[in-house]
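Here are my notes on the model you asked me to look through, written as numbered points so that you can follow each one in the viewer.

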Amino acid sequence: MLYLRKSSRLIILTVVIVGLLFFLHFIGVLRPIENFAVWSSKSIFHSVYKASNFVSERFLDFKSKQDLIKENQELNQRINKLLKDKSSCLVAEDENEFLRQQLDFVQDREFDFEIARVIGKNTDKTQNVLIIDKGGKSGLEVGLPVLAEQGNMIGKIIKVRENSAFVLLLNDDLSRVAVKIENKSRTMGLMEGEFGLGMKIKLIPQIEEVKKEDLVVTSGLEAKVPGNLIIGSVHEVSSEPERLFKTASVKSQVDFSKIFLVNVIKNEIK
Amino acid sequence: MLSVLRKIFILTAVLTFHIAFVPALSAPMSLLNVVLVFLIFISVVYEFYHSLAYGLVMGLFLDLYSALPFGAMLLSLMITLYVVYKVFQHLLTNKSFYTLLGLTGLATIVYNLVLYFYLLLFYFVQTKDKELLVGLSVQKGHDFLWQLLLNLVFAALLFFVFNSISRKFKAVFIEAKRN
């Protein structure tokens, strides 16, 4: 009887504490403590996150022989293609420079940006989310695009705290970005994430000509996302004649699991 | 004072390992739930209220590093600990290796179920896409099996390490002398 009373007391106490925590969080009383906890932990988390990536890359990146052979073949093909591209590029470069000067065509775009460090990933292990060490204090807002070190867009901000923010990666199921394919007809579409594994542009009309390696960029139709930010390239196009639309899978040049620094585009200064 | 400092150190170490170290490992190792295994371990080895106190602080902290609405992690942990507590008190009698593994497995199931329903609700409200939810369920099912396996291995590892340095798990026998 005494034991039952003790266990009941414990459960009631827990429910009261949890309820109190919820209440204090939603009225904002806990905010200074929460901010302090995030502020004091983010440096150590960033260092440990980097160390973990190092360990993972060096000792735990298991790849089968078949995967390595396939990757090697793909890389060889890419090198050959790049060599061909380079030779044609050198010719085009001179021509381009000349034309630019002649037409006085200067693309003058500058962005106001914020560099942030990745301090971890979402703790619930359910969404593909990165946590960065800059937040509302640095002027970050929900919906701003986030670029990786290489300048490719990797996601958008979905939640902002005072000194940290959450970046939903493009490959998450909830991710939606208005994009444009750099083909002849400049196909517009909505790119969605696929279970954290890849990205797809759905509802492309059958008449649009989309090829492998076509560049995919942001369309600029979203309020906080400027146009022409590189996302990746078309990896595969699945088209069935009996269907009205086709789907293109998109491959990013960025390895989403190895990002340490990001660049948040705050707004465009023209 | 020393005991409080030790607890703070343990809390910090486990949280750092869970938030910053494990998620950056390659899949499927990134699915290991260090906090859950630690809490179950504490509730089996020590008193239940210890794990409850640790769970409250850790749940609160994990919510700061979760993109889900506030409380998702705290509630999932508390519900899991409650179920584990009830099973431990009413169905299991001793502190053994099998008890630890059984409870870790049960906790992983309960925790993932709670979080899964929370996530389904969250995604459904945002997308209203039933096909997406089916695909998500398949993916989460696959992740769950890996997490179950990893948690059990980690719990077993903790048991062996702890067993070699402490007598808390060792059985005590009555020695009968023959005259």
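1. In this predicted model, helix 2 (residues 34-45) of chain B packs against helix 3 (residues 48-64) of chain B at an angle of about 160°, and their axes are 8 Å apart. Because an angle over 145 degrees counts as roughly antiparallel, helix 2 of chain B is described as roughly antiparallel to helix 3 of chain B. The crossing in which helix 2 of chain B passes helix 3 of chain B is right-handed.

2. If you look at the residues that bring these two helices together, helix 2 of chain B contributes Val35(B), Leu39(B), Ile42(B) and Ser43(B), and they meet Phe48(B), His50(B), Ser51(B), Tyr54(B), Gly55(B), Met58(B) and Leu62(B) in helix 3 of chain B. Sorted by class, this contact has seven nonpolar and four polar residues, with no charged residues.

3. Helix 2 of chain B also packs with helix 6 (residues 130-165) of chain B, here at an angle of about 45° and with the axes 10 Å apart. The two helices are therefore oblique to each other, and the crossing of helix 2 of chain B and helix 6 of chain B is right-handed. On the side of helix 2 of chain B, the contact is made by Leu36(B), Val37(B), Ile40(B), Phe41(B) and Val45(B), while helix 6 of chain B supplies Asn151(B), Phe154(B), Ala155(B), Leu158(B) and Phe162(B). These residues divide into nine nonpolar and one polar, and no charged residue takes part.

4. Turning to the boundary between the chains, 37 residues of chain A are in contact with 38 residues of chain B. On the chain A side, helix 1 (2-27), helix 2 (31-59), strand 1 (110-121), strand 2 (129-132) and strand 4 (153-160) each supply at least two residues, and the largest share, 10 residues, comes from helix 2 of chain A. By class, the side of chain A that touches chain B has 20 nonpolar, 10 polar and seven charged residues.

5. Chain A also holds a closed barrel of six strands, which runs in the order 6-7-8-11-10-9 with antiparallel pairing. Neighbouring strands of this sheet are turned by 45° against each other on average, with direction ignored. Strand 6 (residues 176-181) and strand 9 (residues 215-218) of chain A pair in the antiparallel sense over three bridges, and within this part of the chain Val179(A) has Thr218(A) in strand 9 of chain A as its bridge partner.

Notes. Residues are numbered from 1 along each chain as its sequence is written. Chains are lettered from A and ligands numbered from 1 in the order in which they are written. This is a predicted model: local features need pLDDT of at least 70, side-chain atom pairs count only at pLDDT 80 or more; totals for chains, interfaces and linings use all residues. Two strands pair if DSSP finds at least two bridges between them. Helices (H or I, at least four residues) and strands (E, at least two) are DSSP runs, numbered from the N terminus. Axes are lines fitted to C-alpha atoms, for helices over the stretch in contact, and angles run from 0 to 180 degrees between N-to-C directions. Two residues are in contact if their C-beta atoms, placed from the backbone, lie within 7 Å. Ala, Val, Leu, Ile, Met, Phe, Trp, Tyr, Cys and Pro count as nonpolar, Asp, Glu, Lys and Arg as charged, and the others, Gly among them, as polar. Angles under 35 degrees count as roughly parallel, over 145 as roughly antiparallel, 65 to 115 as roughly perpendicular and the rest as oblique. A crossing is left-handed if the near helix is turned anticlockwise from the far one by less than a right angle, and right-handed if clockwise.
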